[in-house]
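Hello! Here is the structure I promised to pass on to you. Have a look at it first, and then read my notes below.

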Amino acid sequence: MKNTPHAPGACRDRFVLGKTVYMNGNSLGPLPRAAQARIRDVVDTQWGEGFSRSWNRYDWINIAQRVGDRIGGLVGAAPGQITAGDSTSVCLFKLAAAAVRHSGRTRILTDAGNFPTDLYVLQGLAHLLGEKVDVRAEPADRIGAAITDDTALVVLTHVDYKTSAMYDMAAITAAAHARGAIMLWDLSHSTGALPVHLDDCEVDFAVGCSYKYLNGGPGAPAFSYVAKRLQEVIVPVVTGWMGHRTPFAFSGEYEPAAGIRRTSVGTPEVLAQSVLDASLDVFDEIGLDEIRDQSLLLSNLFIERVDRDCAGLGLTVASPRDAQRRGSHVALTHEQGYAIMQALIARDIIGDFRAPDLMRFGFTPLYQTLDDVHATVDALHDILTTGSWNRPEFLQRSFVT
Ligand SMILES: *Cc1c(COP(=O)(O)O)cnc(C)c1O
């Protein structure tokens, strides 16, 4: 099945989309029909009829590892190196804290333009450690040069949430290792969008988000990757019972579980993990190399049409034009970006906005067609030439943008 070529949008029927042109799968993936069916079954049958028997009957207790291994198949990680659970922010704290403690060095290096939660978590960790560790945030083009013999840990987001610019994972990981630093990648904007090769790149740690391109649903569990060679070496900092060697012995002393299980903390989010598990089914049918090829087909067409049809209308392409350096969304700037995006959304063409002036358009060929791209650019052109964005209801900012 995986070898059969699919056209963009070939899996659209597997999602609840109606006529919506959905350009926001980089922020919140749409509802997979498989997830809709699964949540009903888990709630009505597993929980509703099984009660606590379901911990064993449906193996709820191992769901974080099961889902983790499936995500591993999408990011180039052999089984036994990923657990699902917690939020990306919390996963990042857990792994960064364990890495810094293991390293003994004094500096965390990150990208000054990193997603704010990543910066906040690292700042909070430095504060907790009594400023014995400092966080140095550098622009993307200075990261390589900023890795020194003091660097404990390099924390980068593989694909930038604003511009979609993509780091060379193999090269930066090798540069970190050459200086004896530990490498932690945030894969929030990569997972499910393009091939990632964690094991081949010899990455140490990674975290990622599953409500974006994995379509796991709002607030879906994040994931943590720890390379096999480090699993018995690092000692967790957040030491909960689900990371204990024998949680159901109820002993009074913490002892880390073997392997990746030690990154787990509390009871798995069974409902949310079940939904995520079902959401991953579509990736059994279509591989990431094909998804990536088609994503670039869609985003290249989008950029071409914006260049050709929207010239002189105040839009700037803020993403790399070199497809090899771009993730799976394209950002356009316009000084009225917020209102223009609201006008698009009012036409049921859904993207999002990031301050101060970025409109983001996600390319997700599982359910998106070339016609969706044409419809989006046609609507943009119309909104800009008629000035129809200039209405009070489009200018009024909501809390979530
Ligand atoms: C989306 C995203 C997150 C999300 O963090 P949560 O804790 O799950 O809210 C974190 N980091 C990056 C880079 C992201 O893009």
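Strand β10 (residues 329–333) and strand β13 (residues 358–362) run antiparallel and are joined by five bridges. Before going on, please note that this is a predicted model, in which local features need pLDDT of at least 70 and side-chain atom pairs count only at pLDDT 80 or more, while totals for chains, interfaces and linings use all residues. Residues are numbered from 1 along each chain as its sequence is written, and side-chain values use heavy atoms, with hydrogens and water left out.

Helices (H or I, at least four residues) and strands (E, at least two) are DSSP runs, numbered from the N terminus. Two strands pair if DSSP finds at least two bridges between them. Strands of a sheet pair through backbone hydrogen bonds, either parallel or antiparallel.

The whole open sheet has four strands in the order β9-β10-β13-β12, with antiparallel pairing.

Helix α11 (residues 337–346) lies across β12 and β13, at about 40° to β13.

**The seven-stranded sheet**

Another open sheet has seven strands, in the order β2-β8-β7-β6-β5-β3-β4, and its pairing is mixed. Here β2 (82–84) and β4 (134–138) are at the edges with a single partner strand each, so one side of each has no neighbour in the sheet. On average, neighbouring strands are turned by 15° against each other, direction ignored.

β7 (residues 205–208) and β8 (residues 223–226) pair in the antiparallel sense over four bridges, and Gly208 has Phe223 of β8 as its bridge partner. Helix α4 packs on the sheet, touching β3 (107–111), β5 (151–157), β6 (182–186), β7 and β8, and its direction makes about 170° with that of β7. Helix α7 (residues 169–178) also packs on the sheet, where it touches β5 and β6, at about 150° to β6.

**The ligand**

Which residues surround the ligand? They are Ser87, Thr88, Ser89, Phe115, Thr117, Asp118, Thr157, Asp186, Ser188, His189, Tyr211 and Lys212 (a residue is near a molecule if one of its heavy atoms lies within 4 Å of it). By class, this shell has two nonpolar, seven polar and three charged residues. Ala, Val, Leu, Ile, Met, Phe, Trp, Tyr, Cys and Pro count as nonpolar, Asp, Glu, Lys and Arg as charged, and the others, Gly among them, as polar.

**Two backbone details**

Most residues other than glycine have a negative phi, and most peptide bonds are trans. Phe51, in the loop between α1 (33–47) and α2 (54–57), has a positive phi near 50°. A cis peptide bond joins Ala355 and Pro356, with omega about 5°, and Pro356 is in the loop between β12 and β13.

Enjoy exploring!

Note on methods
Contact means heavy atoms within 4.5 Å. Axes are lines fitted to C-alpha atoms, for helices over the stretch in contact, and angles run from 0 to 180 degrees between N-to-C directions.
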